Amino acid sequence: MKTHLILLLLATSLLRAADPALHTYKGEVAGVMCSACSNHVQTALKTLPGVRDVTIQPARQGGLPVLTIVSSSAAITKEAAVKALGDKASQYVIQGLSLQK
C-alpha cells in the first residue's frame with residue numbers, strides 16, 4: 001500500500017512538471033457591453049495558440065472592461081489578439097495588452 005502511494009505521488013509530480021509555464025496578459029477592451037459581447041471576444045481570443053483562459057471583468061466607474069488572457073505562450077501580442085477578433089475588431093478595441101510579471 002505504501003509503495004502504491006509513493007508511485008502515485010511520483011506520477012502526479014511528473015505530470016505537473018510536464019505542464020508548461022503559464023503567462024498572464026492584462027489589458028482593456030472597449031465595446032463590451034453585455035455577456036454576448038464578452039462571449040464573442042472570449043471565443044475569438046481562445047483561438048490564439050496556447051490560450052487556456054480568457055476573462056473579461058466589467059468596467060468600473062467610467063473605465064473600460066479589464067481583459068485577462070492566460071496562455072502557455074509568452075508571445076501573445078495586441079496585434080495577434082486584434083487579428084483573432086477578425087471582422088469583430090471594429091466593434092471591440094483591445095487596449096494596452098501586456099504580459100504581467
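Student: What is the strand order of the open sheet, and how do its strands pair?
Tutor: Strands of a sheet pair through backbone hydrogen bonds, in either a parallel or an antiparallel way. Here the model is a predicted one, in which local features need pLDDT of at least 70, side-chain atom pairs count only at pLDDT 80 or more, and totals for chains, interfaces and linings use all residues. Numbering starts from 1 along each chain as its sequence is written, and side-chain values use heavy atoms, with hydrogens and water left out. The open sheet has four strands in the order β2-β3-β1-β4, with antiparallel pairing. Its edge strands, each pairing on one side only, are β2 (51–57) and β4 (93–99). From one strand to the next the twist averages 20 degrees. Strands are DSSP runs of E with at least two residues, helices are runs of H or I with at least four, and both are numbered from the N terminus. Two strands count as paired if DSSP finds at least two bridges between them.

Student: How many bridges join β2 and β3?
Tutor: Six bridges join β2 to β3 (residues 66–71) in the antiparallel sense; Asp53 has Val70 as its bridge partner in β3.

Student: Which strands does helix α2 touch?
Tutor: Contact is read as heavy atoms within 4.5 Å. Axes are lines fitted to C-alpha atoms, for helices over the stretch in contact, and angles run from 0 to 180 degrees between N-to-C directions. Helix α2 (residues 35–45) packs on the sheet and touches β2, β3 and β4, and its direction makes about 160 degrees with that of β2.

Student: Which residues touch the most other members of the largest nonpolar core?
Tutor: A nonpolar core is a set of buried Ala, Val, Leu, Ile, Met, Phe, Trp, Tyr and Cys residues joined through side-chain atoms within 4.5 Å. Buried means under 20% relative accessible area, with a 1.4 Å probe and protein chains only. The largest core has 19 residues, and Leu45, Leu67, Ile69, Ile94 and Leu97 touch the most other members. Helix α2 gives the largest share, four residues. Beyond its neighbours within four places in sequence, Leu45 contacts residues including Val51, Val54, Ala81 and Ala84.

Notes
Buried < 20%, exposed > 50% of the residue type's maximum accessible area, 1.4 Å probe, protein only.
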